[in-house]
Amino acid sequence: MRVKKSLLQFAVAAGFVAWSTPLFAQEAPAQSSTHVFSETPTSRDPAAALANRGNDSSARQQTTLDPAAATQAWLDSVPKDERERSDAYFEGGYWLLLWNYLVAAAISILLLSSRISAQLRDFSERLTRFKTLQVACYSVPYLLLVYVLSFPLNVYEHFFREHQYGLATQTFPAWFREQLIGLGITIVGGTILLIVLYAVFRLALTACWIWGTIVAVVFSFVLLFITPVFIEPLFNTYKPLTNAEISESILAMARANQIPVKQVFEVDASRQTTRVSANVSGILGTTRIALNDNLLKQCTLPEIREVMAHEMGHYVLNHGAKLLTYLGISIFVGFALARILFDAALSRWGERWGVRGIADPAGLPVLALILSTLLFLATPLLNTVVRVTEREADAFGINTSREPDGMAKVALKLGTYRKLNPTPLEEFIFYDHPSGRARIRMAMDWKAANLPPGESGTTENGLSLKNY
Ligand SMILES: [Zn+2]
């Protein structure tokens with residue numbers, strides 16, 4: 001999601017460990033094939049061809065399915081050119097990770113070694129004697145400068161490259177307009193954050209990383225809370241889903257899982273992209289589960305049910321609070337390391353850069369450089385933390401929707417932008433969601449397990465409820 005990208009850029013630019021909880025970002029893109037609803041698994045499914053369905057009407061339906069072979073059959077159903085295209089797109093993302101880091105690092109080093117940062121601080125001190133206003137006077141031009149200097153890579157990555165792979169639907173003016181909105185949010189939000197953070201740095205020099213962590217976590221929480229209410233509407237329209245067949249099917253799953261929602265939201269994501277997605281955003285009272293119009297257009301009802309059940313998994317498994325906790329721990333470690341590295345850098349280059357200390361806004365690029373380096377190095381760890389929660393939501397999704405073929409088909413659709421069959425090392429380092437192969441395997445394992453329906457009289461076997 002655009003907002004998340006700009007916030008992440010800000011976070012890196014401003015130097016805060018904000019691996020913006022991808023749970024709240026979009027789930028996934030897809031190809032532009034069209035399907036009709038109410039499709040059920042048919043003989044066209046590769047997995048169905050492998051399943052030898054028994055005809056014993058006296059017992060529940062028996063299916064012998066080899067999960068490994070069924071998974072391979074699904075993967076083999078993707079044409080070679082499509083596979084090569086999505087592999088190229090996703091592998092390009094590995095390099096973009098590096099380029100983004102190098103550009104951010106180069107900008108920080110440029111601002112420091114040219115003493116632009118120090119001059120900006122001197123300028124703000126001449127404008128006003130109030131420390132708070134000095135931080136604001138530094139922050140606004142700093143964030144603008146970072147945006148402008150990283151614009152070439154930004155426009156390549158988020159506009160030209162997306163069009164090149166057929167994933168974007170926006171003209172340049174429409175895209176740029178949203179960039180400006182995102183920049184506005186970044187400048188306002190970033191300046192508020194920096195004002196509070198530098199106040200804390202001035203007051204608590206010795207324990208500044210502890211207070212800095214508290215400020216960053218509170219800020220993240222507020223951001224999550226207001227996102228569905230104030231930020232998302234700036235980019236997209238959210239309206240109740242009108243198709244009764246789909247919404248009732250989704251609401252039934254919600255009711256079965258004690259999710260207090262009365263309506264399902266549809267978001268007009270096709271304004272920006274062809275990707276299929278759904279998302280959970282907000283926290284506490286603002287939590288909202290929404291599916292996008294591409295999902296509605298491109299997916300069958302079983303697929304939609306599976307995706308929405310996955311999103312419900314994030315809600316039921318309390319992933320918002322869990323990821324916020326992990327974020328807090330990461331920020332704490334990041335700030336503690338940054339404090340040590342900051343002092344080391346300053347004792348060596350402080351004079352040359354004109355930076356006086358941690359409470360001096362001119363040191364912001366030093367902090368940004370250190371934190372973006374730590375963030376870059378921690379990529380596999382952070383991706384793994386998020387991927388594990390995604391896998392949990394997948395398990396919840398398959399058990400709730402009971403749509404293994406729907407899950408496999410969605411995994412293939414998401415495969416238009418995410419490499420379907422990576423090596424284990426690749427998945428560990430780069431994947432913030434399970435790969436298509438892992439997801440299809442989970443679906444086929446579930447299908448092969450032939451779970452019996454409940455209340456069959458055989459599973460409980462007269463055990464009393466106290467055994468729960
Ligand atoms: Zn998810």
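The model is predicted. The protein chain contains 18 helices and 6 strands. Of its 468 residues, 41% are buried. Among contacts between residues at least 6 apart in sequence, 78% join residues at least 24 apart.

Packing was examined for helix α4 (residues 80-113) and helix α14 (residues 364-377), whose axes lie 9 Å apart at an angle of about 160 degrees. Angles over 145 degrees count as roughly antiparallel, and α4 and α14 are therefore assigned to that class. The crossing of α4 past α14 is left-handed. On the α4 side, the contact is formed by Y101, A104, A105, S108, I109, L111 and L112. On the α14 side, P365, V366, A368, L369, S372, T373 and F376 take part. By residue class, this contact comprises 11 nonpolar and 3 polar residues, with no charged residue.

Helix α18 covers residues 436-449. At 1.5 Å a residue, its 14 residues should span 20 Å, and the distance of 20 Å between its end C-alpha atoms therefore agrees with expectation. The buried residues of α18 are G436, A438, R439, I440, R441, M442, A443, M444 and K447. After α18 comes N450, which has a positive phi near 50 degrees.

Terms used
Residues are numbered from 1 along each chain as its sequence is written. This is a predicted model: local features need pLDDT of at least 70, side-chain atom pairs count only at pLDDT 80 or more; totals for chains, interfaces and linings use all residues. Helices (H or I, at least four residues) and strands (E, at least two) are DSSP runs, numbered from the N terminus. The expected span of a helix is 1.5 Å times one less than its number of residues. A residue is buried if 20 or more other C-beta atoms lie within 10 Å of its own, exposed if 12 or fewer, and partly exposed in between; C-beta atoms are placed from the backbone. Axes are lines fitted to C-alpha atoms, for helices over the stretch in contact, and angles run from 0 to 180 degrees between N-to-C directions. Angles under 35 degrees count as roughly parallel, over 145 as roughly antiparallel, 65 to 115 as roughly perpendicular and the rest as oblique. A crossing is left-handed if the near helix is turned anticlockwise from the far one by less than a right angle, and right-handed if clockwise. Two residues are in contact if their C-beta atoms, placed from the backbone, lie within 7 Å. Ala, Val, Leu, Ile, Met, Phe, Trp, Tyr, Cys and Pro count as nonpolar, Asp, Glu, Lys and Arg as charged, and the others, Gly among them, as polar.
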